Amino acid sequence: MTLLQVMPDSAADEVTLRTDDDAVIAAELGKRGIVFQRWPLMTGLDAATPTEDILAEYAGHIAELDADGRYKHIDVARIHPDDGDPEWPAKAEAARTKFLDEHRHAEDEVRFFVAGQGCFYLHLGDEVLATVCTAGDLVSVPAGTLHWFDMGTRPEFVAVRFFEEEDGWIGDFTGDKISSGFPTLDELTA
Ligand SMILES: [Fe+2]
């Protein structure tokens, strides 16, 4: 379930808004300059669905989003729990930790969740907007926006990523440990 929880950046326990209403989420994010859209769900998707099938399914939406041709690299990122793999817990932890601290990017961070979930924490002015994205959610975090991302302790998602440059994913970390004071994805969705 898509969820938005808004908190002051200095007081994570003072929730000023919590909603799972898509229209409210789009409006609240929109008035702060964050693009949020709902695209149709893909049916028949499983772990073996080829990337080209996913990109073909959303070709119309992708073409609309990329109307000016700014996204030169469009790919599909996936992570699924594999309890048969003894390395899985370490892989999951490493993947989760990568963008769990506050950072920004030189270009917009654009993600479409085909399946699964992840939470973007947008640090905008004196607020933090925790935005739990689930299947069907497209979010675009503008370049330079302070944010962090939690994929949870059991990461599972399929997401289309849009990059202007091949290294567009690289994060510029602020060194601020603000993220450790906010509810995790696991806590937000418990
Ligand atoms: Fe990021």
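Predicted model: local features only at pLDDT ≥ 70, side-chain atom pairs only at ≥ 80, totals over all residues.
Strand β7 spans residues 127–134. Six of its eight residues are buried, so β7 is largely enclosed by the rest of the structure. Two strands pair with β7. Strand β1, residues 3–8, is joined to β7 by six bridges. The two run antiparallel. Within this pairing, P8 has E127 of β7 as its bridge partner. Strand β6, residues 109–124, also pairs with β7 in the antiparallel sense, here over eight bridges. β6 and β7 form a hairpin, with two residues between the strands. In the turn, G125 has a positive phi of about 60°.

An unreviewed UniProt entry places the feature "binding site" at H103, H105, E109 and H147. These positions are spread over 45 residues of sequence, yet they cluster in space. The largest C-alpha distance among them is 11.4 Å.

H105 lies in the loop between β5 (103–104) and β6. A residue counts as buried when 20 or more other C-beta atoms lie within 10 Å of its own. H105 has 20 such neighbours inside 10 Å, and therefore counts as buried. Leaving aside residues up to four places away in sequence, H105 touches A143, G168, I170, G171 and D172. E109 lies in strand β6, the strand that forms the hairpin with β7. With 23 other C-beta atoms within 10 Å, E109 is buried.

Note on methods. Residues numbered from 1 in each chain as written. Buried ≥ 20, exposed ≤ 12 C-beta atoms within 10 Å, placed from the backbone. Helix = DSSP H or I, 4+ residues; strand = E, 2+ residues; numbered from the N terminus. Pairing = 2+ DSSP bridges. UniProt positions renumbered as here; feature names shortened; annotations may be inferred. Contact = placed C-beta atoms within 7 Å.
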